[in-house]
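Biologist: I have a model open and I would like to learn how to read what packs against what. Could you walk me through it?

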Amino acid sequence: MAGPTGRGTSLGAALNDLLHSQVTARHRLSSYNAKHWHAQLTATHRGQQALADAGLNVTTKTLINWLSDSEYNIRRNYRDLIHTAYENVAIVPADPIPRHIKRGQYEISGVVTTGDDERERGTADAAPLRIDASRGHWDAIEELWLAGELTDDEFEDHFIDDVIVEDIGEGTDGWQFTGGSYSVELR
């Protein structure tokens, strides 16, 4: 039985497609688009907590004054704290990479090169490249994922160095994925 599959124009794109199909990536809430600091104050518990976390502790009376009078003079550093709190509430953190992703068996189809050996893997002539991800080191990948900075290129580079090499070694002359179409199945 086939497992979740990611597809892309590079190995990194296919890996990212697979990961995005399994967990929620870090993203910005589309409803958070206020441009003026008055609009960034919120009466929700989450907003109040964000203000407190940003270091802004003001009385209810002060908040009412700020909200009711657009001309109310507020110190610049308070505006910066409000903006920081608003941005913190607007960003939804990424889910951690689940165990089944980090411990799974991967089957990679597409052009795989090591040394002089270049093959289209996952065809009738050549089996997919099989990788046991449980032997890999996922710390750098997960750090980039949680920060919202896991690009296709970064994912591919770290997957090669930290997962493939840890499982099956360096290869004849390193691993290269120079094709234009890849699929990655997780088993």
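Biologist: Which residues is Ile-108 in contact with, leaving aside its neighbours within four places in sequence?

Modeller: Contact here means heavy atoms within 4.5 Å. By that rule Ile-108 touches Leu-11, Arg-121, Pro-128, Leu-129, Ile-131, Phe-159, Ile-164, Phe-177, Tyr-182, Ser-183 and Val-184. Before we go on: this is a predicted model, where local features need pLDDT of at least 70 and side-chain atom pairs count only at pLDDT 80 or more, while totals for chains, interfaces and linings use all residues. Residues are numbered from 1 along each chain as its sequence is written, and side-chain values use heavy atoms, with hydrogens and water left out.

Biologist: Which residues touch the most other members of the largest nonpolar core?

Modeller: A nonpolar core is a set of buried Ala, Val, Leu, Ile, Met, Phe, Trp, Tyr and Cys residues joined through side-chain atoms within 4.5 Å. Buried means under 20% relative accessible area, exposed over 50%, and partly exposed in between, with a 1.4 Å probe and protein chains only. The largest core has 33 residues, and Tyr-106, Ile-108, Trp-138, Phe-159 and Phe-177 touch the most other members. At least two residues each come from α1, β4, β6 (129–132), α7, α8 and β7 (182–186). The largest share, six residues, is supplied by α8. Helices (H or I, at least four residues) and strands (E, at least two) are DSSP runs, numbered from the N terminus.

Biologist: How many aromatic pairs does the structure hold?

Modeller: A pair of aromatic rings is described by the distance of the centres and the angle of the planes. Rings of Phe, Tyr and Trp (its six-membered ring) pair if their centres lie within 6.5 Å; planes under 30 degrees apart count as stacked, over 60 as edge-to-face and the rest as tilted. The structure holds five such pairs. In one of them, Tyr-106 and Phe-159 have ring centres 5.3 Å apart and planes at 65 degrees, so this pair is edge-to-face. Tyr-106 sits in strand β4 (residues 105–114) and Phe-159 in helix α8 (residues 152–168), so the pair ties together parts 53 residues apart in sequence.

Biologist: Are those two residues buried or exposed?

Modeller: Tyr-106 is buried at 2% relative accessible area, and Phe-159 is buried at 0% relative accessibility. Phe-159 also makes an edge-to-face pair with Phe-155, at 6.5 Å centre to centre and 75 degrees between the planes. Those two are four residues apart in helix α8, so about one helical turn separates them. Tyr-106, Trp-138, Phe-155 and Phe-159 form one aromatic cluster.

Biologist: At what angle do the axes of α1 and α8 cross?

Modeller: Axes are lines fitted to C-alpha atoms, for helices over the stretch in contact, and angles run from 0 to 180 degrees between N-to-C directions. Angles under 35 degrees count as roughly parallel, over 145 as roughly antiparallel, 65 to 115 as roughly perpendicular and the rest as oblique. The axes of α1 (residues 11–22) and α8 come within 7 Å and cross at roughly 100 degrees. The two helices are therefore roughly perpendicular. Their contact involves Leu-11, Gly-12, Ala-13, Leu-15, Asn-16 and Leu-19 of α1 with Asp-152, Phe-155, Glu-156 and Phe-159 of α8.

Biologist: And how does α7 pack with α8?

Modeller: Helix α7 (residues 139–146) packs with α8 at about 160 degrees, with the axes 9 Å apart. That makes α7 roughly antiparallel to α8.
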